[in-house]
Amino acid sequence: MEDINDLVRARIEKLQLWRARGVDPFGIRYEVTHRAAEVVDGFDKLEGSIVSIAGRVMAKRGHGRAAFLDIRDLSGKIQLYASVDELGEELYQLLLELDIGDIVGVKGKVFRTRRGEVSINLSSFTLLSKSLRPLPEKWHGLQDVELRYRQRYLDLVVNPEVRELFVKRSLIVRYIREFLDARGFLEVETPMMHPIPGGAAARPFVTHHNTLDIDLYLRIAPELYLKRLLVGGLERVYEINRCFRNEGISTRHNPEFTTVEVYQAYADYTDMMSLTENMVAFVAESVLGTPVISYGGKEVDLTPPWRRVTMVDAVKEWTGIDFNELESDAQAREICSRQGIELKGNESKWKCLNELYEAHADYRIVQPTFVTHHPVEVSPLAKKSAADPDFADRFEIFICGQELGNAFSELNDPIDQKERFVSQVAERAAGDEEAHLMDEDYVRALEYGMPPAGGLGIGVDRLTMLLTDSPSIRDVLLFPQMRPRTD
């Protein structure tokens with residue numbers, strides 16, 4: 001097998017030959033009139049026309065006085081036909097020296113070969129960028145998963161389906177915006193560095209501002225700033241942006257990820273349910289043409305309305321245990337212990353409910369489901385249910401065993417909010433590193449008056465996973481976080 005360094009050296013030598021002929025191997029602007037797919041799809045109108053396209057050489061075949069090349073641009077692939085008769089001897093010989101991976105601009109007449117393939121009969125070509133490294137696996141694909149993530153640029157070159165996936169991701173974000181904009185929501189931007197991390201239960205990344213000589217935290221969520229905007233009178237707001245959490249890496253977690261958070265004044269969590277199911281169905285139909293999708297071999301129907309089930313009923317459905325019948329915290333802890341759940345020993349009945357739900361219920365849910373009424377103890381920013389103050393007017397969205405988002409009726413009582421922050425600070429002092437810190441300014445904002453509101457957060461990466469049938473979050477991130485190589 002030929003050594004990669006030998007191949008690179010050979011290409012560098014060829015680069016020098018191009019320069020010796022007066023050709024800049026790293027060219028300048030090229031006038032493009034069409035994309036490859038436009039020529040192929042529009043052949044009936046373009047037959048006989050002169051077109052200019054640019055792309056990367058992906059295949060080369062033939063010899064003698066005629067040759068065929070395939071070039072690929074973002075839209076797809078098209079065949080080129082080159083001949084001595086059309087190009088002349090000198091230019092034709094230069095074309096034969098092109099390598100797989102070189103980027104070229106080409107001009108010629110659109111025609112169809114005897115085998116029926118839409119092609120371009122070259123009248124001229126320009127080398128735009130010389131490729132000094134050969135594409136992997138004889139240019140038929142990049143299969144090493146870790147290498148694909150580390151060298152995404154290479155993955156995009158040789159795997160067209162990967163490019164199509166990220167085009168879909170862009171469309172998903174576009175249609176989320178379109179849906180929310182059409183309903184009067186205002187897109188805003190809030191800080192990425194926070195003096196106090198808040199809005200979620202997570203460990204933050206810490207940085208330091210030299211001039212102010214203070215520590216700051218990359219945001220774990222934009223929630224508390226977006227709700228400050230509700231106080232200020234911006235009644236419908238949303239933000240699509242990055243969040244950062246200093247936690248493990250898995251098929252569902254990356255330290256840097258994208259969310260869309262939505263807040264609507266004078267609404268509650270039931271309004272957020274309607275908004276969620278209609279937005280996700282709209283995005284699916286807009287991007288895929290249907291609300292019925294396949295994920296992991298399972299058919300999923302995103303058509304509203306989605307199922308609603310309380311956390312108590314979800315646990316009862318999957319474990320047979322009815323927490324409404326338990327009389328004490330000790331009973332609940334004993335049940336969790338028998339289920340193999342490790343506890344600290346002081347958990348309340350409803351905290352045990354949440355532990356059991358996360359261990360044995362949520363991953364079993366396949367069809368779109370709103371799991372409602374989480375314990376207030378694990379919902380420090382959500383309004384208590386008027387029907388049962390042990391629970392919050394809150395839901396999580398589960399599809400195919402994955403949490404897609406979280407929403408609730410927002411707590412706008414500053415006294416209640418401060419008490420919950422105090423409780424969270426106590427939990428943090430007892431060793432819970434993900435418990436909330438006290439945010440006095442947020443409480444102060446609530447004291448000026450925040451309207452009743454519903455809030456929603458959806459993971460854009462996970463939504464993209466769902467709509468592209470991708471098993472890992474790394475598949476839908478252009479540059480996922482990777483452990484540094486040691487070789």
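# Helix packing and local features of a predicted model

Helix 14 and helix 15 pass each other in a right-handed crossing; a crossing is called right-handed when the near helix is turned clockwise from the far one by less than a right angle, and left-handed when it is turned anticlockwise. The structure is a predicted model, in which local features need pLDDT of at least 70 and side-chain atom pairs count only at pLDDT 80 or more, while totals for chains, interfaces and linings use all residues. Residues are numbered from 1 along each chain as its sequence is written, and side-chain values use heavy atoms, with hydrogens and water left out.

## Overall organisation

The protein chain contains 16 helices and 18 strands, which are DSSP runs (H or I of at least four residues for helices, E of at least two for strands) numbered from the N terminus. Taken along the principal axes, the C-alpha atoms of the protein chain fill a box of roughly 90 × 50 × 50 Å. The protein chain has 487 residues, and 48% of them count as buried, the term for a relative accessible area under 20%, with exposed over 50% and partly exposed in between (1.4 Å probe, protein chains only). Among contacts (heavy atoms within 4.5 Å) in the protein chain between residues at least 6 apart in sequence, 64% join residues at least 24 apart.

## Helix packing

Two packed helices are described by the angle between their axes and the distance between the axes. Axes are lines fitted to C-alpha atoms, for helices over the stretch in contact, with angles from 0 to 180 degrees between N-to-C directions.

On the side of helix 14, P414, Q417, K418 and F421 meet E440, Y442, V443, L446 and E447 of helix 15. The contact of helix 14 with helix 15 comprises 5 nonpolar, 1 polar and 3 charged residues. In this division Ala, Val, Leu, Ile, Met, Phe, Trp, Tyr, Cys and Pro are nonpolar, Asp, Glu, Lys and Arg are charged, and the others, Gly among them, are polar.

Helix 8 (residues 160–182) packs on helix 10 (residues 269–288) at an angle of about 135°, the axes lying 9 Å apart. Helix 8 is therefore oblique to helix 10. Their crossing, that of helix 8 past helix 10, is right-handed. Residues of helix 8, including L171, I172, Y175 and F179, meet residues of helix 10, among them L275, M279, F282 and V283. In the contact of helix 8 with helix 10, 12 residues are nonpolar, 2 polar and 2 charged.

Helix 11 (residues 311–319) and helix 13 have axes that come within 10 Å and cross at roughly 50°, so helix 11 and helix 13 are oblique to each other. Here the crossing of helix 11 with helix 13 is left-handed. M311, V312, A314, V315, W318 and T319 of helix 11 meet W350, L353, N354, L356, Y357 and H360 of helix 13. The contact of helix 11 with helix 13 has 9 nonpolar, 3 polar and no charged residues.

## Aromatic pairs

A search of the whole structure gives 9 aromatic pairs; rings of Phe, Tyr and Trp (its six-membered ring) pair if their centres lie within 6.5 Å, and planes under 30 degrees apart count as stacked, over 60 as edge-to-face and the rest as tilted. The pair of Y357 and F398 is edge-to-face, because the ring centres are 6.1 Å apart and the planes stand at 90°. This pair links distant parts of the chain, with Y357 in helix 13 (residues 349–360) and F398 in strand 16 (residues 394–399), 41 residues apart. Elsewhere, ring pairs link F68, Y81 and F111 into a cluster.

## Backbone features and accessibility

The peptide bond from P304 to P305 is cis, with omega near -5°, and P305 is placed in the loop between strand 13 (298–301) and strand 14 (307–310). D213, a residue other than glycine, has a positive phi near 55° and belongs to the loop between strand 8 (206–209) and strand 9 (214–218). D469 likewise has a positive phi, near 55°, and lies in the segment after helix 16 (460–468). The table lists accessibility for residues named above.

| Residue | Relative accessibility | Class |
|---|---|---|
| Y357 | 0% | buried |
| F398 | 3% | buried |
| D213 | 56% | exposed |
| D469 | 38% | partly exposed |

Definitions and conventions
Angles under 35 degrees count as roughly parallel, over 145 as roughly antiparallel, 65 to 115 as roughly perpendicular and the rest as oblique.
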